[in-house]
Amino acid sequence: MRVLESGMGELLQPYSMVEFREWNFTQKPKGFQDKRMTEQEAIARFVHDGDYVGTELYGTVRCPMSLAREIVRQGKKNLRAVGQGVLELDLWVAAGLISAMDITYHGLEIHGVSSVLRRAAESGRLKLVEWSNGAIAWRMKAAAMGVPFLPIKSMLGTDTFRYSAAKVAECPFTGEKVCLVPALVLDVGLIHVHRADCYGNAQIDGISGFAFEMARASKRLIISAEEIVDTEEIRRYPDRTIIPYYLVDAVVHAPFGSHPGEMAYLYERDEQHMREFLEASRTEEGMQEYLHTYVYGVRNHEEYLDRIGRDRLAELRRAVLGR
Amino acid sequence: MDRLSYSPTELLICTAARLMEDRTTAFIGTGVPMLAAALAQRMHAPNLIPVFEFGGTGAILKRLPRAVGESRTFYRAIAASGICDIIETAQRGFIEYGFLGGAQIDPYGNLNSTVIGGTHDRPSVRLPGSGGGNDVGSHCWRTIILMQHEKRRFVQKVDFVTTPGYLTGPGAREAAGLPPGTGPYRVVTSLAVLGFHPETKRMMLLRLQPGVTVEQVKESTGFELLIAEHLEENEPPTAEELRILREEVDPERLYI
């Protein structure tokens with residue numbers, strides 16, 4: 001295949017599919033073992049300094065925020081990250097944990113641009129490699145498929161391509177130009193789900209974002225779940241299982257684990273807290289104060305939920321849109 | 001008859017909604033496109049299929065989503081899948097319309113939502129990045145761009161091509177490997193509706209918003225605009241459109 005053009009972005013996570021196969025064969029837990037543990041234990045055991053980390057879905061929707069906050073609390077260093085980032089990436093970047101990022105979108109949707117990203121990018125502190133949402137998801141899909149790259153038709157002809165680590169090549173079958181995106185094998189993936197059993201069989205209600213792909217593209221996978229259910233419950237509805245247990249290394253019970261984001265059919269997003277966060281994040285000092293109040297200043301997720309207030313959480317449950 | 005009063009954003013939403021056709025699929029991004037789709041569903045396009053990049057297809061837009069992955073994007077939807085399914089659906093040519101925004105646009109409809117000024121590694125202003133924008137602009141048959149009409153946004157050359165328009169002109173999309181027959185179709189602003197010349201692919205003024213003059217549009221555009229031979233004026237938003245928009249689409253006043 002003839003390569004016609006190469007993006008000048010750095011490949012932040014070099015990979016070998018041979019090694020990934022070896023890893024999947026030897027390192028993934030095939031026996032039924034109880035993997036329940038706390039956020040503290042899961043992050044301490046499975047996230048290491050220098051790791052390439054990803055979260056799914058994104059900061060205000062079914063995002064593993066209790067795990068994201070624990071990473072900040074433990075001060076993991078020199079991480080590289082990927083995500084459709086909103087709050088979770090804001091927390092990590094503000095806490096100075098991230099040295100480089102495969103970025104597709106890092107902003108606050110209706111609330112506009114991220115002040116945290118602006119400060120980090122405009123000062124040149126943060127290395128950013130550009131991708132489209134589709135490209136990032138397909139990079140994980142390639143890893144999930146066990147192939148080293150996928151041809152796609154996004155990013156062609158743009159600066160998004162030029163500042164990525166993708167390549168343009170001539171299709172050996174049709175002669176047309178295709179964009180080749182490298183497989184993305186994550187060191188650690190973090191995914192929040194509606195329910196899981198103690199082994200890690202996990203189910204999601206509503207849209208599945210890129211959970212299917214990320215779960216299969218991650219060397220180590222930490223699941224946090226709103227509810228821990230009996231395996232019988234999983235076996236009754238096996239069609240709903242997006243992540244089977246053998247992909248999973250740790251299972252964390254995290255009710256309101258997506259707060260201040262939402263969880264489909266369970267609770268609404270906490271708009272009041274979002275506004276508080278936005279206001280705080282406008283300045284470096286405000287952001288550090290926020291981290292002290294809601295991350296460093298609480299020992300764990302339970303204490304975080306107490307700080308938010310149980311009445312407020314009950315309100316968010318009542319406000320849910322339903323089916 | 002009294003003239004109805006409405007804001008520039010309301011005008012933009014109503015104009016965009018009228019462009020949404022019944023029995024079509026439309027890829028919807030955050031903000032104004034969501035409001036336009038919700039309004040169109042309640043007016044002339046009950047069979048509009050809104051598609052959201054993280055998996056929501058065919059939702060009834062009862063409450064306004066604030067993010068493209070929210071449960072509001074798949075409320076009473078016909079399918080809730082994932083991002084690969086949605087973008088692959090666009091990539092294989094199924095989706096007619098893609099609705100996009102951006103911080104900057106050039107005469108060929110290229111969009112920037114990544115960086116302004118400086119260099120990529122040290123920009124003056126860092127914006128969120130492509131998100132699904134590049135995917136939508138690459139694959140949908142017709143993209144409709146919703147923008148604020150300001151000289152600093154309508155520029156001769158965007159600082160960064162995040163999402164492809166017609167790139168450098170006629171034939172450039174195809175030469176880059178993008179699917180033939182795709183590209184920007186309309187640019188909707190609170191001053192005008194613009195299109196692209198069939199041969200030169202340069203932006204062309206097609207219709208004026210109520211009470212707006214050609215001079216005003218020119219003054220708010222940082223490059224030379226082609227002007228259609230017969231310029232018509234859009235009908236202002238109707239009382240019914242404004243009522244639905246204010247009372248049903250965005251009663252929380254998140255956007256309007």
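Modeller: Two strands count as paired if DSSP finds at least two bridges between them. Strands are DSSP runs of E with at least two residues, helices are runs of H or I with at least four residues, and both are numbered from the N terminus. This is a predicted model, in which local features need pLDDT of at least 70 and side-chain atom pairs count only at pLDDT 80 or more, while totals for chains, interfaces and linings use all residues. Residues are numbered from 1 along each chain as its sequence is written, and chains are lettered from A and ligands numbered from 1 in the order in which they are written.

The part I take is a sheet in chain A. Its four strands form an open sheet in the order 1-7-8-6, and the pairing is antiparallel. Strand 1 (3–6) and strand 6 (149–152) of chain A are the edges, each pairing on one side only. From one strand to the next the twist averages 30 degrees; axes here are lines fitted to C-alpha atoms, for helices over the stretch in contact, and angles between N-to-C directions run from 0 to 180 degrees. Within this sheet, strand 7 (residues 167–170) and strand 8 of chain A are joined antiparallel by four bridges. In that pair, Glu170(A) faces Lys177(A) of strand 8. In a regular strand the side chains alternate between the two faces of the sheet.

Helix 6 of chain A lies across strand 6 and strand 8 of chain A and runs at about 140 degrees to strand 6. Contact means that the C-beta atoms of two residues, placed from the backbone, lie within 7 Å. Met155(A) has a positive phi near 70 degrees although it is not a glycine. Most residues other than glycine have a negative phi, and most peptide bonds are trans. Met155(A) counts as buried because it has 30 C-beta neighbours inside 10 Å; the cut-offs are 20 or more other C-beta atoms within 10 Å for buried, 12 or fewer for exposed, and partly exposed in between, with C-beta atoms placed from the backbone.

Helix 6 and strand 8 also belong to the contact between the chains. That contact draws 48 residues from chain A and 52 residues from chain B. On the chain A side, at least two residues each come from helix 5 (115–122), helix 6 (133–145), helix 7 (159–162), strand 8 (177–182) and helix 8 (211–217). Helix 6 of chain A gives the largest share of that side, five residues. By type, the side of chain A that touches chain B has 22 nonpolar, 15 polar and 11 charged residues. Here Ala, Val, Leu, Ile, Met, Phe, Trp, Tyr, Cys and Pro are nonpolar, Asp, Glu, Lys and Arg are charged, and the others, Gly among them, are polar.

Helix 5 of chain A also supplies this side. Its buried residues include Ser115(A), Val116(A), Leu117(A), Ala120(A) and Ala121(A). The buried residues of helix 5 pack against helix 4 (87–94), strand 5 (127–130), helix 10 (271–281) and helix 11 (284–296) of chain A, together with strand 9 (123–126) of chain B. Gly124(A) follows helix 5 of chain A and has a positive phi near 80 degrees.

Elsewhere in chain A there are two cis peptide bonds to note. One runs from Glu56(A) to Leu57(A), with omega near -10 degrees, and Leu57(A) sits in the loop between strand 2 (52–56) and helix 3 (65–73). The other runs from His259(A) to Pro260(A), with omega near 10 degrees, and Pro260(A) lies in the loop between strand 13 (250–253) and helix 10.

For the chain as a whole, chain A has 13 helices and 13 strands. Of its 323 residues, 54% count as buried. Among the contacts in chain A with a separation of 6 or more, 77% are between residues 24 or more positions apart. Along the principal axes, the C-alpha atoms of chain A fill a box of roughly 60 × 50 × 40 Å.
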